[in-house]
Amino acid sequence: MNLLQKRKKTSERWNCFSKADVLGSFDFMTLTISLDSLNINDFNHLGELLSRGDYKDGILNRNLEYDLYEALKKIYGLSFHEYTHFVDSTSTAWGASFLLCLNEAYLTNHDIFGAEESEYHKAKYFFDLAKSFKLPDYYTAKTPGVDPSTPWSYLVTSGKRFKNNGELSDVPITFISFGNSSQERIVRSPLSMIAVLEVSAMAQEILYKSFLVNALPEDTRIVEISQLQKESLKFIYNHELTEYSACAHLVANIHGFTDVIMAYTVCERIATVVLNFTDKCFDDISFSDLARKTLHIDTNKPLEAVCKNSIKSRDRGYVFYLICLLMPKSKYENDEEIRKGISASLEAMGINYHEVIMAARREVEVASQTLSNSPIKCIAELSGSLLKNFDKKLAAKQGMYDFSSFDLPPVLLGDCEIVAASPGVDNALKKYDIEEAYNELVEGQLWVERFSEACV
C-alpha cells in the first residue's frame, strides 16, 4: 500500500472538509496535505510555461498569458487553500494549542514512549478535541423538497449540544438558517470551528484567483472576472455546503457586501483575529452598554445566557459572529479600514486589538520553544517555522498571503508523487520528509483512536 492509499484510509474519519475540499485535503492528525486532483505532469507543465515567459512582467503590466494563468489558477489556487489549513492549524494561537495537544496525546503511546497510564487521558482529550471541529451532520438540518434557488434570506438562531448520554447540555450552538424567497427554510447550519477554518482557506483561494484575473489583458480579464464570480457564488449558494460558507454569508449579509472578493477579504481578517483569541481574550470579554443593546442581551436573559455560555465554551464561531455584528457599517475598501472596524468591535467587547495579536504571538512563541524539544522528530522540525508563519500571516496585504515567504512542507499528489508546491525559495520546510512524518504521526493517531474507543 503506497503513501496515498495509506493516508486516504487513515484520514477518512477525520476529513472535516470532505464535502467542500474535493480536489485536495489537509489531514489534522498527520499534518499532511494532498492535492488529489493534481499530478506531476501539472507541475512539469507549469514549470515549462514559467521558463518560456516573464511571469513578473505579465503580472505588473497586465499581460499574463492565458495558458500560464490557467496553470497558476489550477495549481496554486488549490495549493494555497490547503496550505492555509496547515498555517492556521500550526501558526495561530488556536493552531499552536492544537499542536501542543497533538504532541502530548501522541507521547502517551506506551509502546513507543513508555508513558504511564495516568497520562493516557491526554489522548482522549485530543480525540474529543479533533472530533469537535466539525459538528455531526445531525446539527445541519436540511428541509427536503424545498426550492434552494436564490435570493436567500438568513436568520441567526441558537440551540444546545447534546451530551454523550443523549441529554441536553448547557453548551450553545450558533446556527444560521437560510430561507428562499418564499420564506421556506432551506437549511440550518452551525457556525462551527470548521466554518471559520474553511472561510480562512477559501479566502486565500478566491483572493489569489482574483489577483491572477487582474493580471490578464483587458478583453480576457472581463470574461474571467465574470467566471470567477460565478464559480464563487456557486460554492456560496450550494445548500449542501452551507456549514463551510456560513461565515461568508454572515459577513456579506450583515455588511451588505455584494462583491464576493470584498466579503472574503473582510472574512479573512476576522478569521485571523478569531483564530488568535487566547483563553485570556475569552475571559476578558466585557461588553459595553451599546454592544449589549446591539446584541439584545441587555433585556433578554435567555439570549444573555447563550452569549455567556458560548464564550465560556470557547466557541470561535460565536466570536466570529460577535466581531462581525459589532463592526461599524462601512465599505471596508482597504486594510486600514478593516483593521479599524475590527478594532472597534473588539473595543465594544472590552478587548484591545494589538493586545490580542501580541498575546497570540507570545503563545505561538512559547509553543514553538516547547515543541522544539519533542521526541517526535517531525514535530520538533515543524516547530522552528511556527513563529515565522505567524508573522507572515499577519503581514497579508488586503487579506492575501505572500506564500513565497512562508515555510511550507511538500505535498502529496494524486499520482503519489511528492512535490514542493510552495513557490518560496527561502523555505525551511522545503525538504521536510512528509512520508517519514506521516509514518511517525500516524502511529500517534492510531494509538489515540485505539485508546479513546476503549473509554466507554
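User: What makes Arg-314 and Asp-279 a salt bridge?

Analyst: The model is predicted, so every value here is computed from it. The side chains of Arg-314 and Asp-279 come to 3.1 Å, N to O. The cut-off is 4 Å between a Lys or Arg side-chain nitrogen and an Asp or Glu carboxyl oxygen, so the pair qualifies. Arg-314 lies in the loop between α14 (301–312) and α15 (316–326), and Asp-279 sits in helix α12 (residues 279–284), so the bridge ties together parts 35 residues apart in sequence.

User: Why do Arg-314 and Asp-279 count as partly exposed?

Analyst: Partly exposed runs between the buried limit of 20% and the exposed limit of 50%. Arg-314 has a relative accessible area of 27%, so it falls in that range. Asp-279, at 47%, does too.

User: How do you know that Glu-243 and Lys-134 form a salt bridge, and which parts of the chain does the pair link?

Analyst: Their N to O distance is 3.4 Å. That is within 4 Å, so the pair is called a salt bridge. Glu-243 belongs to helix α10 (residues 242–255). Lys-134 is in the loop between α7 (121–132) and β3 (141–142). The two are 109 residues apart, and the pair links distant parts of the chain.

User: Are Glu-243 and Lys-134 buried or exposed?

Analyst: Both residues are buried. That label requires under 20% relative accessible area.

User: Which residues are linked with Glu-243 and Lys-134 in a network of salt bridges?

Analyst: Asp-137 joins them. By the 4 Å rule, the structure's count comes to 21 salt bridges.

User: What makes Glu-336 and Arg-339 a salt bridge, and where do they lie?

Analyst: Their side chains meet at 2.8 Å, N to O. This is within 4 Å, so the term applies. Both are in helix α16 (residues 335–348). They are 3 residues apart, so about one helical turn separates them. Glu-336 is partly exposed at 37%. Arg-339 is partly exposed at 27%.

User: Why is Tyr-138 called exposed?

Analyst: Exposed means over 50% relative accessible area. Tyr-138 has 58%, so it passes. This residue is found in the loop between α7 and β3. With Phe-162 and Leu-168, Tyr-138 makes a nonpolar surface patch of about 350 Å².

User: How many residues are in the largest nonpolar core, and which have the most contacts inside it?

Analyst: The core has 151 residues. Phe-277, Phe-287 and Phe-320 have the most contacts inside it. Helix α8 (residues 193–213) gives the most to this core, with 13 residues.

User: What does Phe-277 touch?

Analyst: Leaving out residues up to four places away in sequence, its contacts include Ala-93, Phe-282, Ile-285, Val-319, Leu-346 and Met-349. Arg-316 is also one of them. Contact here means heavy atoms within 4.5 Å.

User: How many disulfides does the structure hold?

Analyst: The structure holds 0 disulfides. For Cys-267, the nearest cysteine sulfur is that of Cys-247, 6.4 Å away. A disulfide needs two cysteine sulfur atoms within 2.5 Å, so Cys-267 is in none. For Cys-324, the nearest cysteine sulfur belongs to Cys-267, at 7.3 Å. That is also beyond the 2.5 Å cut-off, so Cys-324 is in no disulfide.

User: Why do Cys-267 and Cys-324 count as buried?

Analyst: Buried means under 20% relative accessible area. Cys-267 has 0%, so it qualifies. Cys-324 also stands at 0%, and the conclusion is buried.

Note on methods: Residues numbered from 1 in each chain as written. Predicted model: local features only at pLDDT ≥ 70, side-chain atom pairs only at ≥ 80, totals over all residues. Heavy atoms only, no water. Helix = DSSP H or I, 4+ residues; strand = E, 2+ residues; numbered from the N terminus. Buried < 20%, exposed > 50% of the residue type's maximum accessible area, 1.4 Å probe, protein only. Patch = residues over 30% accessible without salt bridge, like charges linked within 9 Å, V, L, I, M, F, W, Y side chains within 5 Å. Areas by Shrake-Rupley, 256 points an atom, 1.4 Å probe, with all protein chains shown as cover. Core = buried A, V, L, I, M, F, W, Y, C linked by side-chain atoms within 4.5 Å.
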